[in-house]
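Thanks for making the time this morning. I would like to walk you through one structure, beginning with the surroundings of its ligand and then moving on to its domains and one of its helices.

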Amino acid sequence: MSIVLETQGLSKSFGAIKAVSDVSFALHKGELLAMIGPNGAGKSTCFNMLMGQLKPTAGTVWLNGQDLAGLGPRQIWRMGVGRTFQITGTYASMTVAENVQMALISHHRRVFSILPYAHRLYRDRALDLLNLVGMADQADRHCAVLAYGDLKRLELAIALAHEPSLLLMDEPTAGMAPRERIALMQLTADIVRDRGVSVLFTEHDMDVVFAHAHRVMVLNRGQLIADGTVDQIRNDPRVQEVYLGGGTLFHAAEEGQHA
Ligand SMILES: Nc1ncnc2c1ncn2[C@@H]1O[C@H](COP(=O)(O)OP(=O)(O)OP(=O)(O)O)[C@@H](O)[C@H]1O
């Protein structure tokens with residue numbers, strides 16, 4: 001399997017705080033990789049470095065073999081890295097379809113030339129993407145009236161409009177009801193399988209992680225303490241030590257499995 005994203009010795013310090021320390025990993029094509037860890041473990045800092053929002057203190061990030069050093073968020077996004085956020089970034093005053101159309105227009109770099117007839121442009125392609133995320137029946141609703149779970153699915157369609165080879169999803173299910181969480185990650189797993197997109201996601205809900213991730217990395221205090229399959233991670237004593245203190249990880253996941 002080819003490597004899409006690779007880091008070597010990735011590190012970030014804020015003054016005396018080592019937020020991320022010597023993190024090396026590889027993400028393969030078509031892989032759904034979870035990055036987990038307790039609060040303050042360094043997940044968001046890692047994501048922000050991968051996306052060009054933060055400059056690493058040390059280390060290298062390669063995307064499809066290309067060194068990302070010195071590149072900003074927009075250049076990295078243009079190279080095929082999509083991102084969904086903890087807080088959705090949709091335009092409330094526009095309809096669901098228009099939001100996706102805007103993303104398609106931007107992807108095809110046509111923003112300034114087509115504004116007078118933008119409402120028609122890429123409409124069919126937008127509907128295809130909305131169909132993919134189960135939102136086609138809401139195409140003409142305004143985003144302001146959407147339920148939170150629907151906004152997250154729309155955000156996924158917007159990210160896919162840019163045809164990313166890699167999707168970074170920062171707590172994609174935050175704020176969602178348990179059933180919605182599983183549904184959104186099932187949808188993401190289907191997209192990974194059907195389109196060969198690679199996904200790196202952070203997640204606090206272990207039911208979601210253990211049900212869908214192909215592989216799991218665990219960060220603690222900025223360091224990568226484990227990287228393996230779901231079973232390897234569940235049984236790793238270092239991971240258990242980190243999480244059992246919080247008392248939430250494994251019990252919740254096991255109950256979820258038996259539900
Ligand atoms: N801009 C910053 N300036 C100073 N310290 C920071 C900054 N950003 C993050 N940190 C610190 O770096 C460490 C890692 O934070 P980070 O937000 O990456 O963790 P996280 O794993 O994403 O946490 P959470 O799950 O709570 O979102 C924390 O100690 C945090 O306080």
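What you see is a predicted model, and in it helix 1 gives the most to the shell around the ligand, with 3 residues. The residues around the ligand are F14, I17, A19, G37, N39, G40, A41, G42, K43, S44 and T45, and the elements that give two or more residues to this shell are strand 2, residues 17–28, and helix 1, residues 43–50. By class, the shell around the ligand holds 4 nonpolar, 6 polar and 1 charged residues.

Let me turn to the domains. The domain assignment gives domain 1, which covers 3–80 and 166–258, and domain 2, which covers 92–163; the contact takes 7 residues from domain 1 and 6 residues from domain 2. On the side of domain 1 that touches domain 2, helix 6, residues 178–195, gives the most, with 3 residues, and that side has 5 nonpolar, 1 polar and 1 charged residues.

Which of its residues are buried? They are R181, L184, M185, T188 and V192, and because they cover an arc of only 90° around the axis, they lie on the same side of helix 6. In general, an α-helix has 3.6 residues a turn, so residues three or four places apart point the same way. The buried residues of helix 6 pack against strand 3, helix 5, strand 8 and helix 7, whereas the face turned away from the buried side carries the exposed residues R179, D190, R193 and D194. Finally, helix 6 is followed by G196, whose phi is positive, near 70°.

Notes:
Residues numbered from 1 in each chain as written. Predicted model: local features only at pLDDT ≥ 70, side-chain atom pairs only at ≥ 80, totals over all residues. Near = placed C-beta within 6 Å. Helix = DSSP H or I, 4+ residues; strand = E, 2+ residues; numbered from the N terminus. Nonpolar A, V, L, I, M, F, W, Y, C, P; charged D, E, K, R; others polar. Domains from an automatic or database assignment. Contact = placed C-beta atoms within 7 Å. Buried ≥ 20, exposed ≤ 12 C-beta atoms within 10 Å, placed from the backbone. Arc of directions from axis to C-beta.
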